[in-house]
Amino acid sequence: MARAALLANTLVCLPTGLGKTFVAAVVMYNFYRWFPSGKVLFLAPTKPLVAQQMEACARVMGIPARHMAEMTGGTQALSRRELWTTKRVFFLTPQIMVNDLSRGTCPAVEVKCLVIDEAHKALGNHAYCQAVQQVISNLLIAQIELCAEDSPEIQPYSHERQVEKIVVPLGEELVEIQNAYIQVIASLTKTVC
């Protein structure tokens, strides 16, 4: 999958735990090496995911930490402006990309690689759509690498998951709120009928 993503614009679909982050890190590292003045971006939908993916990719990639930056809602616009000029590999939320594209601080022409984590969330008015929809349309995705949990090629690497359902009873305060809610709903349904 990494080879496919290096050779063509690729959508990678894999079950959890089977290496999407590794594929992203390999691709990002190669683009970092191929384009010494280019920018490499990794978009994740939430601040915790941005931090998690930056840490995971940093473990796999040979990119010096001094070339990487994390940008989320806690990073001030002036700081981001400086980061865009001094760093090469960015881990950020789509909203930050939207904001910085609209301000003209994100150097879009210098972006050589764009990884979109949780791409299935690019629906409706989500910032992914605002930031990336035009880019996705222009990328002309040429390759889709897809493996379902039951795909034969990943069976040796898949592990059986066991799901245990634990029902926790509501506390006294929540039971009171639930009862009040039920009474409100009941009174509304009686007036409608």
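Author: Helices, of at least four residues, and strands, of at least two, are DSSP runs numbered from the N terminus. On that basis the chain of this predicted model has seven helices and six strands, and from the N terminus on its elements run α-β-α-β-α-β-α-β-α-β-α-β-α. Of its 193 residues, 34% count as buried.

The part in question is the pairing of helix H4 (residues 77–86) with helix H5 (residues 94–103), whose axes come within 12 Å and cross at roughly 80 degrees. H4 is therefore roughly perpendicular to H5. Ala-77, Arg-80 and Trp-84 of H4 make the contact with Ile-96, Asn-99, Asp-100 and Arg-103 of H5. By class, three of these residues are nonpolar, one is polar and three are charged.

Within this contact, the side chains of Arg-80 and Asp-100 form a salt bridge at 2.8 Å, N to O. The pair links distant parts of the chain, as Arg-80 of helix H4 and Asp-100 of helix H5 are 20 residues apart. Arg-80 is buried, with a relative accessible area of 5%, and Asp-100 is buried at 1%.

Asp-100 also forms a salt bridge with Arg-103, where the closest N and O atoms are 3.5 Å apart. Asp-100 and Arg-103 are three residues apart in helix H5, so about one helical turn separates them. Arg-103 is partly exposed, at 46% relative accessibility. Through shared partners, salt bridges join Arg-80, Asp-100 and Arg-103 into one network. The structure as a whole holds four salt bridges.

Technical notes. Residues numbered from 1 in each chain as written. Predicted model: local features only at pLDDT ≥ 70, side-chain atom pairs only at ≥ 80, totals over all residues. Heavy atoms only, no water. Axes fitted to C-alpha atoms, helices over the stretch in contact; angles between N-to-C directions. Parallel < 35°, antiparallel > 145°, perpendicular 65-115°, else oblique. Contact = heavy atoms within 4.5 Å. Nonpolar A, V, L, I, M, F, W, Y, C, P; charged D, E, K, R; others polar. Buried < 20%, exposed > 50% of the residue type's maximum accessible area, 1.4 Å probe, protein only.
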